[in-house]
Structure formats: structure tokens, C-alpha cells
Amino acid sequence: MAESDQPGHREEAHTNRARPRLGVFRFASCDGCQLSILNLEDDLLALGQALDIAYFPEASSGMKPGPYDIVLVEGSITTPEDAARILALREQAATLITIGACATAGGIQALRNWADVESFKRAVYPSPQYIQSLGTSTPISAHVQVDFELWGCPIDKGQLLRVITDLLAGVRPRLFADSVCIECKRRGNVCVMVASGVPCLGPVTRTGCGAICPSMGRDCYGCFGPTEGARTGPGLPPNTASLANRFHQGLRLIPIEVVRRFRGINGAVESFKQESEAWERKT
Amino acid sequence: MVTASDRCGVLPHADFQRLLNVLTEKGYRVVGPVVRDGSVMWETVERTADLPIGWRDQQEPGRYRLEQSGDDRIFGVVHGPQSLKPFSFTPREALLTIERSKNSFASVPTLPKSEKVAILGARACDVAGLAMQDRIFLRDAYADPYYQARRNSMFVVAVNCTRALTTCFCASMGTGPGATSGFDLALTELETVFLIEAGSSEGNDILSALAIDPSSPAQIDEAEANISSCAMNQTRRLNTAELPGALYEAHEHSHWDDVAGRCLACANCTMVCPTCFCHTVEETPDLTGQRTEHARLWDSCFTQDHGYIHGKNIRPTIKDRYRMWLTHKLASWIDQFGASGCVGCGRCITWCPVGIDLTEELSALLKPSIRTQQKPGQV
Ligand code: SF4
Ligand code: SF4
Ligand code: SF4
Ligand code: SF4
Ligand code: SF4
């Protein structure tokens with residue numbers, strides 16, 4: 001995929017060479033992130049010209065076999081069948097990108113990690129023995145090597161487009177891991193935590209959404225996951241302990257409310273998980 | 001501070017609209033503090049009633065609340081999270097567009113369109129912060145054209161402070177509570193009138209166009225007294241006596257670990273600071289790879305990228321980052337720009353989500369380090 005970065009070569013690349021093949025695959029998820037791709041609207045046409053959309057059942061019935069240059073994976077691993085499927089898919093993918101909180105962090109369905117899935121099966125299904133389900137929901141990176149992770153529930157479509165644009169240009173995508181607060185301040189918001197006393201997760205949540213929630217006057221609930229030292233890669237683990245103390249002592253949240261703040265869409269990510277478990281012990 | 005009576009006029013509260021009208025007639029878009037989401041933000045104002053009449057702010061570490069003041073002062077609210085910084089050093093500034101042609105490329109600077117803007121209600125600390133940013137961005141031969149263009153179109157109407165917040169410490173930094181220079185007009189709000197002083201020829205023009213009566217010596221005395229009492233009512237102060245040296249010596253102080261336990265590295269303190277100037281650049285190419293926009297964005301020494309040099313992050317921990325911020329702000333800034341990077345506005349104290357207060361952190365850092373006491377000689 002890497003192109004010569006000399007001026008002038010680019011045009012040729014687009015017209016003469018085969019377009020990179022894109023595959024979009026779904027695991028345990030709600031389709032919301034795939035919908036974000038469809039919501040690209042005008043850019044979707046340009047994307048279709050720049051890439052050969054070889055496999056994307058949500059968008060088209062033509063489903064061509066691999067290998068693919070870029071594979072986007074939505075959803076987490078919750079069944080033995082999917083655990084095998086992701087291994088096979090990895091072999092077909094030159095670059096594998098997870099899209100969304102489910103694929104990147106296990107998603108909201110990872111709440112099952114703290115519960116007894118067998119009892120759920122018995123409560124819901126007349127013949128639970130036919131339900132093949134794992135006791136946990138795990139991110140794709142727990143099963144195979146992931147090249148890039150896009151956070152968010154759902155992802156930011158602009159960020160996805162940006163990553164694909166960078167890959168097409170042969171440069172390594174730059175994904176900021178700063179706090180939501182930085183973008184919140186750039187946007188000129190009044191901080192909802194300081195001015196209204198609501199428990200905002202923005203200080204420990206990774207940027208990418210454009211600080212949507214505080215811009216609408218509500219607290220961030222961490223859908224883009226923890227800041228830089230989230231789980232993979234180098235970096236600082238977010239100081240969730242200090243923020244949790246502030247929620248409890250400054251904003252008067254009782255311990256179970258602190259648990260719920262951190263045990264949400266990205267509750268299974270190590271730093272958020274540890275924080276919710278620490279406060280669970282105080283309830 | 002209110003000085004020469006021949007350049008100082010009196011505008012009754014009831015006539016305040018005339019100031020807005022004159023500025024508008026002179027081609028300025030007038031911007032002032034407007035109540036929004038529990039604070040005040042800079043927004044376009046057309047009528048006096050758009051301003052936060054009858055409100056005042058209470059600020060403390062990590063907390064901001066507006067309340068009814070019980071009077072009809074126009075500028076009872078001291079300030080919101082925004083200083084003057086966003087007007088001249090904008091959160092995001094498009095710098096260039098770069099376009100490919102057959103065998104080459106062309107880059108076109110995207111200088112901001114000049115729009116005359118009059119900012120009504122800047123505080124003395126804000127004016128001092130702006131002067132510091134001028135020193136940084138308009139230095140000698142290296143003037144930043146984007147900053148310069150925006151700065152040239154600004155007309156600053158300062159309002160001298162007569163009420164101190166618990167977070168204010170401009171008096172100890174020598175930057176307030178009265179503005180002494182760097183403004184076009186400076187107002188002091190008295191019971192029923194404003195005293196208006198001009199600080200530039202553009203300010204004089206507006207003052208002349210207003211055609212108001214000169215102030216009396218008694219009114220000037222009253223204004224001076226109110227500003228002085230505001231200074232005396234400040235409860236916070238920054239101990240600048242031994243700076244910059246004392247902070248360099250405190251580089252290995254045990255207290256940095258203490259503050260690192262509380263700090264979130266969220267960067268709010270640097271975003272709201274009137275003087276912080278760090279920025280990063282980003283590229284926004286289109287899908288065809290034919291065109292890109294090159295822009296700069298506010299950055300902070302609390303981010304991962306800020307400390308990333310040649311494959312290594314030189315400030316990997318929160319301790320490193322908080323130490324960078326405080327040491328730059330209060331110490332190395334003096335070596336770099338000849339004055340402190342702190343103008344005492346208190347915003348970083350109020351808008352820190354966990355209420356970290358640099359004046360208290362500095363006091364703790366100026367006390368002997370516990371680690372140093374226990375193990376003399378070890379750093
Ligand atoms: S509202 Fe939330 S995201 Fe915005 S600055 Fe405050 S804490 Fe940060
Ligand atoms: S503000 Fe927080 S919860 Fe809201 S979209 Fe952004 S990351 Fe998600
Ligand atoms: S304190 Fe930090 S953000 Fe502010 S100017 Fe210095 S290095 Fe930059
Ligand atoms: S360091 Fe804090 S108090 Fe000092 S000028 Fe910056 S924001 Fe204001
Ligand atoms: S001092 Fe406060 S505002 Fe600054 S980075 Fe730390 S927690 Fe955020």
C-alpha cells in the first residue's frame with residue numbers, strides 16, 4: 001500500500017494500480033459502527049472510488065473472498081465460533097483495524113464478565129444447552145494482533161475516513177490519545193463538571209468524538225475509552241483514582257455510582273475495570 | 001489604573017448602550033461576556049441587556065457558580081473560562097492549503113480574514129496575559145503572521161476589578177486588579193456611572209465620539225479606592241520571592257509525587273491559561289491525496305505527543321508533566337521571556353476538575369522536601 005511520496009506519483013497510483021481491497025466484518029455488536037461508514041454519505045462515493053469494497057454485507061450483496069488489504073472489524077468475541085472466525089480472518093487481512101468499543105474493548109456486552117452467563121441462558125431459553133456462548137466478551141486484540149484501534153460507541157466517521165486516507169497515502173495514521181477535555185476547551189465549552197457539578201469522564205477519556213456530550217451540556221460517559229495508556233501501546237495509565245475520589249468527595253457520588261461511571265461501554269478495559277472494582281469493594 | 005483626568009470621562013449606567021453604538025458605528029463587532037451554561041463566554045453583544053447584569057461568579061478550586069448579585073452591576077461577573085487568548089491565538093488555525101499539480105505542488109497560506117472586533121470586559125490579568133502572548137508571538141523578526149493579523153484587529157475594552165474572587169492573585173503578580181497599559185479603553189464601574197479612560201489613540205477616538213463629561217477628582221479617588229480594596233481583599237498570593245531559582249532546586253522534591261497522585265493530566269489548566277502558547281500541527285488531506293490543509297491546534301505539556309522526541313517520550317509520567325507545567329510557568333518562563341508565565345488570573349485553579357491550586361503546590365515545593373530531609377545529599 002505504501003506509495004512513493006514523490007509528487008506526481010499519486011495520480012498514477014489511483015488510476016493504474018489495483019485499488020486496495022476493503023473488507024468489513026461483524027462480530028458481537030449492534031451494527032452502529034458499520035452504519036457510521038454508511039453515514040459518510042458524499043465521502044462514501046469517494047471511498048468507493050479509492051478502494052475496492054470487496055466485502056461489506058451491510059452495504060452490498062457482492063461478497064468477495066479474501067485476502068483483503070484493509071479489514072475493518074466491528075464487534076467483540078462472545079462465542080467459540082467467533083473466536084475461531086477471527087483467527088481465520090486475521091490471515092486474510094494485511095491491515096486489521098478494529099472499529100468501535102465492542103471490537104476494541106469488549107463493549108457494553110462485557111458487563112457479562114462480572115456476571116454468570118449460564119444463569120442468563122437458563123433464565124431466557126427453554127433449551128439452554130443449544131446456546132453456544134462464552135462466559136466473557138473480549139476485544140479482538142485478546143485474540144489476534146490488531147494494527148489500529150478506533151474507539152467510540154459508535155466510532156467517529158471522520159476519524160475512520162482519516163485513517164483510511166492516511167493508509168492510502170502510505171503514512172502511519174496519527175491517532176491522538178489526549179483527554180476529551182482538550183477538545184472540549186478548544187470548542188469553547190463551559191466545563192459541566194466545574195460549573196454544574198456533574199461527574200464527567202472527559203479528563204480520563206480519549207479524544208476523538210469532538211467532545212460531543214459536554215457540547216450538549218452533559219457529562220462524558222467515556223465511550224472512547226481511557227486516554228493514552230488505555231490497554232495497548234506505550235503511555236500513561238489515566239489517573240482514574242483521582243477522578244473517582246473527586247466524584248465521591250467533591251460531587252458526593254456514593255460508591256456504587258462511582259462503580260457505574262467506570263463500568264460502562266468500556267468497563268472491561270484494564271484501567272476502568274480496576275477503578276470500578278476498587279469502588280465495588282467500598283459499596 | 002485610573003490616572004489622567006483629562007483623558008477620563010463619565011458614562012452613566014443608563015447610557016451604556018451608547019458605548020456599544022459608537023463601537024458598532026466605528027465598524028467593530030462588539031463581543032462581551034454572555035451568560036451561558038452556568039458561566040460567561042465571549043459572544044457578540046448588541047444590547048446592554050445581553051451582558052450579565054445582576055449576576056456574579058463565585059469561584060473556588062474545581063468549582064464555578066453564578067449567582068444573583070442583588071444589584072444591577074453590568075460587570076459583576078469577574079470572568080469565565082476564556083481569557084483573551086482565543087481571539088489572537090485561536091484553538092485551531094488553518095495555516096496553509098497544499099495542492100498537487102502534475103509534477104509539483106503549491107502551498108497557499110490561509111491568513112485569517114481581518115474583522116475588527118471590540119472585546120468588552122477584559123480584566124487586568126487578561127490584558128497582562130495578552131501582552132505576554134504578544135511578547136511570544138510577535139517577537140522581533142519572528143512575528144507570527146496569523147497571530148499578528150488577528151491581534152491587529154482587536155480593540156480591548158478592559159474593566160478594572162473592584163471585587164476579588166477567592167482564586168484571584170493578580171496583586172501578588174503585579175498584573176492587577178487595575179489595568180495600567182495594553183488596553184484601548186479601561187472602564188471602572190461605580191455605583192451609577194462608569195469612568196472611562198483611553199489607553200490608545202483608537203481608544204481616544206471612541207472617547208471623543210462618545211462626547212461625555214470628564215470625571216471629577218472625587219470619582220477618580222473613589223475608583224482608585226475600590227481597585228485598591230480589591231487588591232487587599234485577595235486571599236491567595238503566589239510566593240515569587242525566590243523564583244526562578246527555588247523551583248529549579250525543587251526539581252527532585254517529594255511533593256511532585258503528591259501532586260501527581262491528584263493530577264489527571266487532562267490539560268484544562270493549560271487550555272484556560274491566558275499565556276500558554278503550545279500548539280501542535282495536523283494535516284487534513286482529502287481522500288484523493290490531491291489536497292491537504294495544514295492547521296495548528298492548541299496543545300499542552302500534559303499530552304503524550306508533547307514530550308515525544310525521537311522515538312521516546314521524555315515526560316512519560318504525570319509527575320514529569322505537572323513538573324514541566326509548573327516549572328515552565330513560574331520559573332523557566334522568566335529566563336525565556338523576562339517575566340513570569342503566570343498573571344494571577346486563577347483560572348487554572350477554578351477549571352481544574354480536581355481543584356489543584358498552583359499557589360498551594362508552590363508553597364509546598366518551597367518547603368523542605370521530605371525525601372531530602374530523610375536522605376541528605378540524595379537527589
Ligand atoms: S466538561 Fe468534561 S470533558 Fe469538558 S473540560 Fe469539563 S471535565 Fe473535561
Ligand atoms: S463525550 Fe464521551 S461519551 Fe460522549 S461521545 Fe465523546 S467520548 Fe463518547
Ligand atoms: S506550561 Fe506547558 S503548555 Fe504552557 S506554555 Fe509551557 S510547556 Fe506549553
Ligand atoms: S498559571 Fe493559572 S493563574 Fe496563572 S495565568 Fe495561567 S491560568 Fe492564570
Ligand atoms: S493540574 Fe488539574 S487541570 Fe491541570 S492537568 Fe492536572 S488535573 Fe488537569
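1. In chain B of this predicted model, Y322(B), L326(B) and L330(B) of helix 11 meet L358(B), E361(B), L362(B) and L365(B) of helix 13, where contact means heavy atoms within 4.5 Å and helices (H or I, at least four residues) and strands (E, at least two) are DSSP runs numbered from the N terminus. The axes of helix 11 (residues 318–337) and helix 13 (residues 358–366) come within 12 Å and cross at roughly 95°, which makes the two helices of chain B roughly perpendicular. Axes here are lines fitted to C-alpha atoms, for helices over the stretch in contact, with angles running from 0 to 180 degrees between N-to-C directions; under 35 degrees counts as roughly parallel, over 145 as roughly antiparallel, 65 to 115 as roughly perpendicular and the rest as oblique. The residues of this contact between helix 11 and helix 13 of chain B divide into six nonpolar, no polar and one charged, given that Ala, Val, Leu, Ile, Met, Phe, Trp, Tyr, Cys and Pro count as nonpolar, Asp, Glu, Lys and Arg as charged, and the others, Gly among them, as polar.

2. On conventions, residues are numbered from 1 along each chain as its sequence is written, while chains are lettered from A and ligands numbered from 1 in the order in which they are written. Local features need pLDDT of at least 70 and side-chain atom pairs count only at pLDDT 80 or more, whereas totals for chains, interfaces and linings use all residues, and side-chain values use heavy atoms, with hydrogens and water left out.

3. Ligand 1 is surrounded by V180(A), C181(A), C184(A), K185(A), C191(A), V192(A), C200(A), G202(A), P203(A), P214(A) and N268(B), a residue being near a molecule or strand if one of its heavy atoms lies within 4 Å of it. Because these residues come from chains A and B, the site is shared between chains. Helix 8 (residues 180–186) of chain A gives the most to this shell, with four residues, and the shell around ligand 1 divides into eight nonpolar, two polar and one charged.

4. The shell around ligand 4 includes C273(B), C342(B), C345(B) and C348(B), as well as L358(B), and its residues divide into nine nonpolar, two polar and one charged. Ligand 5 is surrounded by 13 residues, the closest being C263(B), L264(B), C266(B), C269(B) and C352(B); the shell around ligand 5 divides into 12 nonpolar, one polar and no charged.

5. A search of the whole structure finds zero disulfides over all chains, a disulfide being a pair of cysteine sulfur atoms within 2.5 Å. C161(B) is in no disulfide, and the nearest cysteine sulfur, that of C230(B), is 5.4 Å away. C161(B) is buried, with a relative accessible area of 9%, where buried means under 20%, exposed over 50% and partly exposed in between (1.4 Å probe, protein chains only).

6. Some backbone values deserve a check, since most residues other than glycine have a negative phi, and most peptide bonds are trans. The peptide bond from C153(A) to P154(A) is cis, with omega near 0°, and the bond from L243(B) to P244(B) is cis, with omega near 5°. A211(B) has a positive phi of about 50° although it is not a glycine, and A211(B) is exposed, at 63% relative accessible area. A267(B) likewise has a positive phi, of about 80°, but A267(B) counts as buried at 2% relative accessibility.
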